[in-house]
Amino acid sequence: MVRLLLCIFLSVSFSLSSQELPEQYFSDAISKNIRSYKKKVKSAYRVQDFERADFLFDSLVKHVINGSYFDDFTVKKINGRKLRFSKFNKPVFLMTYASWCTPGSGEIPALNEIAKQYKDEIDFVVLFWDKRKEVKKIAKDYDRNVTILYVDELDNKNCHIIRNLKHSLGFPTSFFLDHNKKIVDVRRGVLHHYNEAYSVSYSLNYESFRNGISLLLNLDNEEEVLANSSK
């Protein structure tokens with residue numbers, strides 16, 4: 001009888017453990033693959049094989065990044081107050097940026113409009129890898145429904161999370177995170193010409209943002225359907 005109970009216990013324990021897959025964080029996933037990725041991309045750009053470079057990026061996102069969890073680390077608001085990234089409770093649309101990147105003329109207005117429309121369902125965040133004084137000059141262009149954050153790498157020299165997040169995918173990069181901070185997708189910013197017409201820039205960026213947001217909205221709808229069906 002004791003042996004039978006032991007077998008049952010071991011069987012149940014194994015079943016539960018097999019269902020609880022360990023969470024892999026983005027910084028760990030990317031650190032294991034970024035060196036090989038960058039080497040291959042550099043070779044592709046050297047021969048101007050841009051299609052190959054795009055394929056490598058998409059492959060990295062699909063097979064390495066998607067499904068990993070965005071790291072919880074300390075960021076700062078424009079007022080200098082610290083904030084843990086985990087404090088965002090909704091799904092998150094996160095854009096990583098730097099002040100020296102010049103956005104297309106319609107990019108920020110398109111993001112502001114999207115944020116106004118979906119602020120109740122999604123947290124919109126733009127994270128600058130920069131100094132506070134530089135970010136403050138730019139922050140005024142964003143709608144109040146977009147949270148502007150910054151990380152000064154000089155204050156985090158020994159943080160491997162910061163190094164891996166900043167130096168991996170370039171700027172601007174958009175992350176689409178569910179409410180558990182699991183990465184659903186990662187996309188590069190819309191390529192633009194500096195002399196591109198405002199209407200064209202706005203339209204391209206608006207459609208790109210809305211397309212990404214739809215992933216998060218559909219994900220929430222699917223989870224709600226599953227929750228109701230299990231009752």
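Strand β3 (residues 92-97) runs parallel to β4, and 6 bridges link the two; strands here are DSSP E runs of at least two residues, helices are H or I runs of at least four, both numbered from the N terminus, and two strands pair if DSSP finds at least two bridges between them. This is a predicted model, where local features need pLDDT of at least 70, side-chain atom pairs count only at pLDDT 80 or more, and totals for chains, interfaces and linings use all residues. Residues are numbered from 1 along each chain as its sequence is written, and side-chain values use heavy atoms, leaving out hydrogens and water.

**Around strand β4**

- M95 has V126 as its bridge partner in β4.
- From β3 the chain passes through helix α5 (residues 107-118) to β4 in a right-handed β-α-β crossover; right-handed means that, with the strands pointing away from the viewer, the path from the first strand over the helix to the second runs clockwise.
- β4 also pairs in parallel with strand β5 (residues 146-151) over 6 bridges, and F128 has Y150 as its bridge partner in β5.
- Strand β4 (residues 123-129) is largely enclosed by the rest of the structure, because 7 of its 7 residues are buried (under 20% relative accessible area with a 1.4 Å probe, protein chains only).
- D123, V125, L127 and W129 cover one side of β4, while F124, V126 and F128 are buried on the other.

**The largest pocket**

- The largest pocket has a volume of about 830 Å³. A pocket is an open set of points on a 1 Å grid over the protein atoms alone where a 1.4 Å probe fits, with protein on both sides within 12 Å along at least five of seven lines; lining residues have an atom within 4 Å of a point. Its volume is the space filled by probe spheres set on the points, which are joined across faces, edges and corners.
- Of its 30 lining residues, F171, P172, R188, G189 and L191 are the closest to the centre.
- Helix α4 (50-65) is among the elements supplying at least two lining residues, and α4 gives the most, with 5.
- The lining has 16 nonpolar, 7 polar and 7 charged residues (nonpolar: Ala, Val, Leu, Ile, Met, Phe, Trp, Tyr, Cys and Pro; charged: Asp, Glu, Lys and Arg; polar: the others, Gly among them).

**The second largest pocket**

- The second largest pocket has a volume of about 150 Å³, and its lining includes Y37, K40, F55 and H63.
- α4 gives the most to this lining too, with 6 residues.

Note on methods
Buried means under 20% relative accessible area, exposed over 50%, partly exposed in between (1.4 Å probe, protein chains only).
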